[in-house]
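Dear colleague,

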Amino acid sequence: MKIICIGRNYADHATELNNPLPKTPLFFLKPDSAILKNGAPFFIPEHSDEIHHEIELIVKINRIGKHIEPKFAHKYYNEIGIGIDFTARDVQEECKQKGWPWEIAKAFDGSALIGKYYKKDLFSNPQELNFSLEKNEKLVQSGNSNQMIFDFNTIISYVSRFFTLKIGDVIFTGTPAGVSRVQRGDTLVGYLEGRESLKTKIC
Ligand code: ZN
């Protein structure tokens, strides 16, 4: 399986990092070795002094698809959850400046925390979902899928122009404002529509 991550999909987060808003979805990949199971500790990697949390809505692909039309894209996922796209911001800045690929900043082991999934039918409208992240019981990020620049169906359609989507692939759909550095001893807890859906301790 593969993990596809959308960048700059919330205007307030793009602005906090001084990034321009994209005209088409911007995305990158993480390998399956990046997956961190819900509840497992996150170990700060040695190559970074500035790991940021990015809480994101995620969808799991349940059908094989290529060149999916936006109007049919909703048929290609039936589970929604939240995850954390852990980012080595210091390394990412260096990569951006030098024009290098982002993998060591974004795709290292443990960088994709995947929380609990819920059946899509549980929610009346996937584009009206509240989600949030608490660090040490303090709210640090909150968003709603109605703030996404590119919605789930647009993302699925766009990505499938370049990559065949396969059963089990996961799409991270971008983070709202409020990203911040994590430190050893921090506890992160994520909520989807008020349900505790993700947890990790930083080690
Ligand atoms: Zn992200």
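Against which strands do the buried residues of H4 pack? They pack against strand E1 (3-7), strand E2 (26-30), E5, E6 and strand E11 (170-172), where contact means heavy atoms within 4.5 Å. Helices (H or I, at least four residues) and strands (E, at least two) are DSSP runs that are numbered from the N terminus.

Before going further, please keep in mind that this is a predicted model, in which local features need pLDDT of at least 70 and side-chain atom pairs count only at pLDDT 80 or more, while totals for chains, interfaces and linings use all residues. Residues are numbered from 1 along each chain as its sequence is written, and side-chain values use heavy atoms, with hydrogens and water left out.

Helix H4 (residues 152-159) is largely enclosed by the rest of the structure, because 6 of its 8 residues are buried. Buried here means under 20% relative accessible area, exposed means over 50%, and partly exposed lies in between (1.4 Å probe, protein chains only). The buried residues are Phe152, Ile155, Ile156, Ser157, Tyr158 and Val159.

Two strands are taken to pair if DSSP finds at least two bridges between them.

Strand E9 (residues 130-135) runs antiparallel to strand E10 (residues 138-144), to which 6 bridges join it, and Leu133 stands opposite Gln141 in E10. The two form a hairpin with 2 residues between them, and Asn136 in the turn has a positive phi of about 50°. E9 also pairs with strand E12 (residues 187-192), in the antiparallel sense over 5 bridges, with Ser132 opposite Tyr191 in E12.

Finally, please look at the zinc ion, which is coordinated by Glu54 (OE), Glu56 (OE) and Asp85 (OD), at 2.0 to 2.1 Å. Donors are N, O and S atoms within 2.8 Å of the metal (3.2 Å for Na, K and Ca), and water is not among the atoms, so sites may look incomplete. Glu54, in the loop between strand E4 (51-52) and strand E5 (55-61), and Asp85, in strand E6 (residues 77-85), are 31 residues apart, and this pair links distant parts of the chain. Both Glu54 and Asp85 are buried.

With best wishes
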